[in-house]
Amino acid sequence: MMSESSAERKDTLIGEVSERYIVMSSTNPMPITLERILSTKNINKAIVRVERNKGAAGIDGMRTDEIRTYCKEHPYEISRSVLNGTYTPQPILRVYIPKDNGDQRPLGIPTVIDRVVQQAVAQVLSEEWEKEFSENSLGFRPGRGCHDAIQRVRDYLNQGKIWIVDLDLSKFFDTVNHSKLLQILSDKIKDGRVISLIHKFLRAPVCENGKVGNKNTIGTPQGGCISPVLANILLNELDQMLDKEGICFSRYADDMMILCNSKYAAERVLKRVTMFVEETLFLKVNQEKTKIGKASPEMKFLGFGFTNEADDKNWPWRPKDGKWFSVVHQKAIKKLKDAAKKTLNRKGSNGIERVAVALANKLRGWVNYFQGGISDPLRKTLDGWLRRHIRQLYWKTWKTMENRIKWFRKLWPTWGAPPTREDYAYGSNRYWRMSKTHQIHIALSNRTLADLGWSWISLFDY
């Protein structure tokens with residue numbers, strides 16, 4: 001049995017090997033090996049990323065803000081278990097989030113320790129495959145994002161490629177073929193221990209409603225740090241095929257738009273892509289959701305539609321030369337309204353001040369994402385809709401007629417007299433109707449709402 005001093009010596013040696021690897025890798029890059037993944041620099045970087053990403057705890061209950069303390073109390077334990085082959089990922093906690101179409105999207109939450117190991121592997125894989133990824137792959141890559149993918153579509157539209165194949169892969173993350181993915185990884189990774197480690201991640205069972213299922217045989221769970229990188233590696237095969245054939249496209253994770261010069265070309269490309277996806281990558285194209293059509297505001301990609309019709313009234317800042325630009329899709333507007341309704345619930349359960357802060361943060365994020373795609377009429381429509389819901393919230397919160405009269409007297413401007421019980425005794429079941437009345441608008445004017453904490457009061461403020 002290894003003595004305590006021997007164990008300490010082994011931990012120290014792991015650290016020394018890791019530090020020596022860092023020096024070597026800075027001048028002479030090495031292949032993907034387990035030692036490279038477990039280097040002190042790479043592990044520390046992974047810990048920082050996991051802390052920064054936060055997220056819910058896994059089945060063991062450990063929070064992201066506890067991982068650094070754990071590593072200090074158990075130095076090199078993670079590296080040692082991975083290196084000697086005793087490391088086994090814990091079951092993944094299954095949670096569900098609502099999708100736009102009303103369905104539930106399954107997410108998998110690994111434990112924080114598993115997230116650190118996954119992140120360490122993902123960082124090294126990303127470093128190597130970045131050299132091979134297509135310029136049209138814009139998702140989950142350093143220095144790239146959703147707006148780059150949207151810009152790529154606009155660039156191709158402005159080149160005259162206005163026929164679009166809106167490709168939908170059926171339950172992509174749930175149907176990733178393990179054998180195919182591992183084969184692609186093995187072509188570059190010659191260290192079998194790394195392949196075995198990734199296979200362990202893919203095979204980790206799911207814990208749902210307190211019950212742990214069997215090991216996975218297909219798919220890579222959404223929510224794991226390594227899943228986006230593995231998705232890009234697998235779909236890079238499709239990207240390379242399209243690039244070699246000179247086909248224009250923009251891909252963000254499993255969302256892809258292929259742009260062509262004509263309807264005939266789009267149909268031909270779809271047949272070619274469907275055959276490659278299903279026969280080579282062993283995935284499935286969703287024939288019901290995959291569409292071919294001309295670019296339009298109804299053609300949705302990452303929350304945007306597209307148009308080349310700019311007018312002075314709706315788009316005063318847009319060029320009038322017929323160039324294509326992105327607009328907020330109707331589904332994105334509905335999603336914002338649904339989220340705002342949930343925040344502006346009629347009870348104001350968290351206190352109106354907290355509701356105001358929560359809504360402001362939500363709107364700020366939404367406007368920052370869609371910024372140039374929001375027309376002036378849409379801004380004005382959303383402003384009015386939001387303010388009416390805020391006024392409805394106050395009317396409901398005031399509850400009794402006596403309390404409403406008190407607030408009317410308090411908020412009423414110095415000119416004129418506030419309404420009395422007799423001329424304003426409406427039923428309590430007409431909240432939405434009451435929120436549009438002249439009296440409510442006087443008592444809760446835009447300026448008054450700003451004074452009450454709704455300082456943004458208009459999307460124009462962002």
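User: What is the order of the strands in the open sheet of 4 strands?

Analyst: In this predicted model, local features need pLDDT of at least 70 and side-chain atom pairs pLDDT 80 or more, while totals for chains, interfaces and linings use all residues. Residues are numbered from 1 along each chain as its sequence is written, and side-chain values use heavy atoms, without hydrogens or water. Strands (E, at least two residues) and helices (H or I, at least four) are DSSP runs numbered from the N terminus, and two strands pair if DSSP finds at least two bridges between them. With antiparallel pairing, the open sheet has the order β6-β7-β3-β8.

User: Which are the edge strands?

Analyst: An edge strand here pairs on one side only.

User: Which residue in β7 is the bridge partner of arginine 251?

Analyst: Strand β7 (residues 255–260) runs antiparallel to β6, and 5 bridges join the two. Within β7, the bridge partner of arginine 251 is methionine 256.

User: Where is tyrosine 76, and is it buried or exposed, or partly exposed?

Analyst: Tyrosine 76 lies in the loop between α4 (67–73) and α5 (77–83), and its phi is near 65 degrees, a positive value in a residue other than glycine. Buried means under 20% relative accessible area and exposed over 50%, with partly exposed in between (1.4 Å probe, protein chains only). At a relative accessible area of 35%, tyrosine 76 is partly exposed.
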